[in-house]
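Try each task yourself, then read the solution.

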Amino acid sequence: RGSISLGTDTKFSSDIDIREVIRNAEEEMYRVKTLESKEINSKMLDNIMEALFEKSPREKIHAQNVSKISGNIAKNMGLTETDIRIVKDIGYYHDIDKITLSKKILYNIDNLSSEEQREMETHTLIGYRVLNLFNQTVDMAEVVLSHHERWDGKGYPKKLKGREIPLY
């Protein structure tokens, strides 16, 4: 799917420099492009999440619960309202990459073969890549990559421990 952004300006008088008219049209084009890209990106994120929720309705409940709990923790930590909103969004999108997993893995999370477990453990890397595609989620990507790290360093994918793990 492609898109095109247009900008226009009009030269009403012969004493107006045509370069100024062209510059105004370009500025309008970039303004429209910026506004439209945010809307398109938001729709793509929504579509990915809806496809995941259709594949596994329990993932929708999980995303909503993690978002809510994360927001409550952030609030109790005394984070700003902006940071609380970011943490809630990260909680919601943290498993966006599970759209790539088979239903078998999604529904049998506790009884995975070693190969399926390895596949499951790659999901944070895919989420990192997906969230890096969108301006509004690029800052969330590193946190999503780290959401299975553990304080003792036995998590994945980087085996971070303690304060190496991003706060969010």
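**Exercise 1: aromatic rings**

There are 2 aromatic pairs in the structure. This is a predicted model, so to speak of local features takes a pLDDT of at least 70 and side-chain atom pairs count only at pLDDT 80 or more, while totals for chains, interfaces and linings use all residues. Residues are numbered from 1 along each chain as its sequence is written, and side-chain values use heavy atoms, with hydrogens and water left out.

Solution. Start with the rule: rings of Phe, Tyr and Trp (its six-membered ring) pair if their centres lie within 6.5 Å, and planes under 30 degrees apart are stacked, over 60 edge-to-face, the rest tilted.

Step 1. Phe53 and Tyr92 are edge-to-face, at 6.0 Å centre to centre with 75 degrees between the planes. This pair links distant parts of the chain, with Phe53 in helix 1 (residues 18-55) and Tyr92 in helix 3, 39 residues apart. Helices here are DSSP runs (H or I, at least four residues), numbered from the N terminus.

Step 2. Tyr92 also pairs with Tyr93, again edge-to-face, with 5.2 Å between centres and 80 degrees between planes.

Step 3. Now check the cover, where buried means under 20% relative accessible area, exposed over 50%, and partly exposed in between (1.4 Å probe, protein chains only). Phe53 is buried because its relative accessibility is 5%, and Tyr93 is buried at 12%. Tyr92, at 24%, is partly exposed.

**Exercise 2: salt bridges**

Solution. A salt bridge needs a side-chain nitrogen of Lys or Arg within 4 Å of a carboxyl oxygen of Asp or Glu. By this rule the count is 8.

Step 1. Arg19 bridges to Asp17, 3.1 Å from N to O. Arg19 is exposed at 58%, while Asp17 is partly exposed at 33%.

Step 2. Arg31 and Glu28 also meet at 3.1 Å, N to O. They are 3 residues apart in helix 1, so about one helical turn separates them. Arg31 has a relative accessible area of 44% and is partly exposed; Glu28 is partly exposed too, at 27%.

Step 3. Asp95 and Lys98 form a salt bridge with their closest N and O atoms 3.2 Å apart. Both Asp95 and Lys98 are buried. Glu59 joins in as well: Glu59, Asp95 and Lys98 are linked in a network of salt bridges.

**Exercise 3: one side of a helix**

Task: which residues of helix 6 (residues 123-131) are buried, and where do they sit?

Solution. Step 1. The buried residues are His123, Thr124, Gly127, Val130 and Leu131.

Step 1. They sit on the same side of helix 6, because they cover an arc of only 120 degrees around the axis. That arc is taken from the directions from the helix axis to the C-beta atoms.

Terms used. Helices (H or I, at least four residues) and strands (E, at least two) are DSSP runs, numbered from the N terminus.
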